[in-house]
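The sequence and structure come before the explanation.

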Amino acid sequence: MRIKVNGQESELADGTDIHSILAAHQLTPDKVAVELNRRLVRSDKYDTKLKEGDQLEIVPFVGGG
Amino acid sequence: MNPLRIAKFEIHSPLIVGTGKYASYEIMQQALEASGCQVVTVAVRRERLIDKQGRSILDFLDLTKYIILPNTAGCFTAEDAIRVALLGRDLLEKQKNPGANWVKLEVLGDKKTLLPDPVGSLEATRELVKEGFNVLCYTSDDPIAARRIKEAGAASVMPAGSPIGSGQGILNPLNISLCLETLKEGDANYPVIVDAGVGTASDVAIAMELGADGVLLNTGIAHAKDPVKMAGGMRMAIEAGRLSFESGRIAKKRYATASSPFDGIISYIPGE
């Protein structure tokens with residue numbers, strides 16, 4: 001299935017969940033927040049399986065004023 | 001100094017410092033330390049999935065010492081600001097940092113000036129207050145806009161001294177003073193924090209002398225030639241300004257009044 005992760009198109013196996021994507025990018029779930037189709041996903045729902053056309057945003061804190 | 005009280009927080013330093021634009025995380029750490037601040041702002045941005053250096057800003061902030069205040073910088077619509085605020089809260093909850101329910105709200109109107117969008121700011125304040133946030137809202141120095149934002153339930157109103165990062169200081173002290181007057185009418189402890197445009201230590205002192213409860217700045221420290229020294233100067237300035245405000249300064253007079261007595265004078269006074 002094709003999904004977008006942080007604005008970039010990605011081809012992933014059907015049924016990939018959010019946990020797997022974080023792991024694939026070596027990201028610590030505690031240091032990022034996740035949005036699926038413009039809605040916040042809490043960490044207890046990181047087992048949500050993604051679908052064709054889904055848009056995922058994975059965001060940490062960065063420096064800012 | 002009395003602590004700065006915002007929502008349930010008692011903050012020991014009225015100086016809030018941003019974590020952006022430093023030449024390195026190490027310099028950022030030293031500058032924050034020199035500033036004596038307790039609250040630091042951070043932004044929320046996409047993780048770089050390629051070329052990840054593996055360093056997180058959280059690795060460089062001692063969370064036993066600092067309280068994180070996430071911002072919604074770079075948001076030009078209320079909807080985006082609300083999304084970012086929710087993401088920031090989720091991140092804070094994961095860190096168990098005490099600030100989990102607060103946000104520095106910015107809804108910008110224009111890329112060039114980064115001036116706030118008054119309508120978007122108001123909408124986002126209302127919505128975020130409903131979501132249980134303590135909203136610290138960045139706004140212009142227009143006293144009416146400031147009042148509306150307070151009425152919408154903001155925990156603190158943060159009028160800009162001048163455009164973000166411009167270093168122009170407090171361009172309209174009258175308006176800041178009018179903001180303070182309207183926001184603190186019948187509510188002397190309502191926190192008002194001057195945010196944006198602070199360029200140097202005297203700007204911080206001026207803000208405090210006008211009666212602000214705190215000052216928020218980032219570029220003025222991060223882009224100074226010596227950020228750590230400037231941060232130290234800002235720390236002194238915030239105290240100097242607060243003491244000066246509390247001391248009841250002398251009035252400005254048109255003419256001179258001598259500091260030494262005229263009685264017993266031995267010199268010739270012209271005209272006498």
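Two strands are taken to pair if DSSP finds at least two bridges between them. In this predicted model, A:E35 stands opposite A:E57, which belongs to strand 5 of chain A. The two strands involved, strand 3 and strand 5 of chain A, pair in the antiparallel sense over 4 bridges.

Chain A holds an open sheet of 5 strands in the order 2-1-5-3-4, with mixed pairing. Strand 2 (8–11) and strand 4 of chain A are the edge strands, each pairing on one side only. On average, neighbouring strands of this sheet are turned by 35° against each other, direction ignored.

Two loop residues of chain A have backbone angles worth checking. A:Q26 sits in the loop between helix 1 (18–24) and strand 3 of chain A. Its phi is near 55°, a positive value in a residue other than glycine. A:Q26 counts as exposed because it has 9 C-beta neighbours inside 10 Å, and the cut-off for that class is 12 or fewer. A:N37 is not a glycine either, and has a positive phi of about 50°. With 13 C-beta neighbours inside 10 Å, A:N37 counts as partly exposed.

The next topic is the interface. Here 22 residues of chain A are in contact with 28 residues of chain B. On the side of chain A that touches chain B, strand 3 (33–36), strand 5 (55–59) and strand 6 (61–63) of chain A each supply at least two residues. By class, that side of chain A has 10 nonpolar, 6 polar and 6 charged residues.

Strand pairing also runs between the chains. Strand 6 of chain A pairs with strand 4 (residues 39–44) of chain B in the antiparallel sense, over 3 bridges. Within this pairing, A:V62 has B:A43 of strand 4 of chain B as its bridge partner.

Helix 2 of chain B lies across strand 3, strand 4 and strand 5 of chain A, and runs at about 140° to strand 3 of chain A. One residue of this helix, which covers residues 78–95 of chain B, is B:L87. Is B:L87 buried or exposed? B:L87 is buried, because 25 other C-beta atoms lie within 10 Å, where 20 or more is the cut-off. Leaving aside residues up to four places away in sequence, B:L87 touches A:A33, A:E35, A:L40, A:V59 and B:V44. The C-alpha atoms of B:L87 and B:N2 are 85 residues apart along the chain and are separated by 32 Å.

Chain B as a whole has 8 helices and 10 strands. Its C-alpha trace spans about 85 × 40 × 35 Å along the principal axes. Of its 272 residues, 47% count as buried. Among contacts in chain B between residues at least 6 apart in sequence, 64% join residues at least 24 apart.

Two packed helices are described by the angle between their axes and the distance between the axes. For helix 1 (residues 25–35) and helix 8 (residues 227–247) of chain B, the axes come within 7 Å and cross at roughly 20°. The two helices are therefore roughly parallel to each other, as angles under 35 degrees are counted that way. Helix 1 of chain B passes helix 8 of chain B in a right-handed crossing. Helix 1 contributes B:I27, B:Q30, B:A31, B:A34 and B:S35 to the contact, and helix 8 contributes B:P227, B:V228, B:A231, B:G232, B:M234 and B:R235. These residues divide into 7 nonpolar, 3 polar and 1 charged.

Helix 8 of chain B also takes part in covering helix 6 of chain B. Helix 6 (residues 201–210) is mostly covered, with 8 of its 10 residues buried. Those buried include B:D203 and B:E209, along with B:V204, B:I206 and B:M208. Besides helix 8, what covers them includes helix 5 (173–183), strand 9 (193–195) and strand 10 (214–217) of chain B. Just after helix 6 of chain B, B:G211 takes a positive phi of about 115°.

Technical notes. Residues numbered from 1 in each chain as written. Chains lettered and ligands numbered in written order. Predicted model: local features only at pLDDT ≥ 70, side-chain atom pairs only at ≥ 80, totals over all residues. Contact = placed C-beta atoms within 7 Å. Nonpolar A, V, L, I, M, F, W, Y, C, P; charged D, E, K, R; others polar. Axes fitted to C-alpha atoms, helices over the stretch in contact; angles between N-to-C directions. Parallel < 35°, antiparallel > 145°, perpendicular 65-115°, else oblique. Left-handed = near helix turned anticlockwise from the far one by under 90°.
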